[in-house]
Amino acid sequence: MNRQAKAFFSIAALLLLFLFSAQVVAVAAEPAPAKPAAKPAAKPVAKKPSASKKAPAKKGGPTIEELQVQLLTFAKKCALDMNSTIMPCVSKKEVVAQGDGYVARYLSVDLDGLTASVIASEGSKTIPYVGYIYYQEIEYTSRGKTREEALKGEFSPGSRNSFTELVKYKGGKWSY
């Protein structure tokens, strides 16, 4: 996937994140219903059971913790795949002449900074959950007087680009 496509998907994911968070905030900010002053009590209102962290997220489905673990496993697998296909990568570094020397560079997804979150999707029967995968792409560079020196030199981390990927949980597994 090229950089423009990644940027587009990242922006789309951020917009979706904004929309979902706006819905969550709107629901959380909803005031409690006022008690009627003089009316007799009609039917008792059934209270929603409090969501326990151990309870299934959806009836008969995995718990939120299990979904979170599955999502992180999926995210790490995707990050490893990205590291092997991203260009320039560790095995296929790019070298360019710059000033009086050369600069070698490659990109890598930061596996240590990889995080993810699970959100129950409301109103969808086919996609019960969505997941957000947050990661950074790091550019590593090395300088040298010759092309070979630049390739054999010590690479240091440079610029970082943050990305957010939106994934879906469907059919018991996570996918793009």
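## Exercises on a predicted model

Arg105 is part of strand β2, which spans residues 101–109. The model is predicted.

**Exercise 1.** Find the polar contacts that the side chain of Arg105 makes with the side chains of Glu94 and Glu139, and give their distances.

*Solution.* 
- Step 1: Start at Glu94. Its side chain pairs with the side chain of Arg105 at 2.6 Å.
- Step 2: Go to Glu139. Here the side chains of Arg105 and Glu139 meet in a polar contact of 2.7 Å.
- Step 3: Check the cut-off. A polar contact requires N or O atoms within 3.5 Å.

**Exercise 2.** Which residues does Arg105 touch, leaving out those up to four places away in sequence?

*Solution.* 
- Step 1: Apply the contact cut-off, heavy atoms within 4.5 Å.
- Step 2: List the partners. They are Pro88, Lys93, Glu94, Glu139, Tyr140, Thr141 and Phe155.
- Step 3: Pick out the polar partners. Glu94 is one of them, and Glu139 is another.

**Exercise 3.** Describe the fold by its elements and contacts.

*Solution.* 
- Step 1: Count the elements. The protein has three helices and six strands.
- Step 2: Order them from the N terminus: α-α-β-β-β-β-α-β-β.
- Step 3: Among the 176 residues, 28% are buried.

**Exercise 4.** Decide where the coordinates call for caution.

*Solution.* 
- Step 1: Take the overall confidence. Mean pLDDT is 78, with 66% of residues at 70 or more.
- Step 2: Conclude. Low pLDDT means that predicted coordinates should not be read in detail.

Definitions and conventions
Residues numbered from 1 in each chain as written. Predicted model: local features only at pLDDT ≥ 70, side-chain atom pairs only at ≥ 80, totals over all residues. Heavy atoms only, no water. Helix = DSSP H or I, 4+ residues; strand = E, 2+ residues; numbered from the N terminus. Buried < 20%, exposed > 50% of the residue type's maximum accessible area, 1.4 Å probe, protein only. Polar contact = N/O pair within 3.5 Å; in protein donor to acceptor, adjacent residues only side chain to side chain. pLDDT = per-residue confidence, 0-100.
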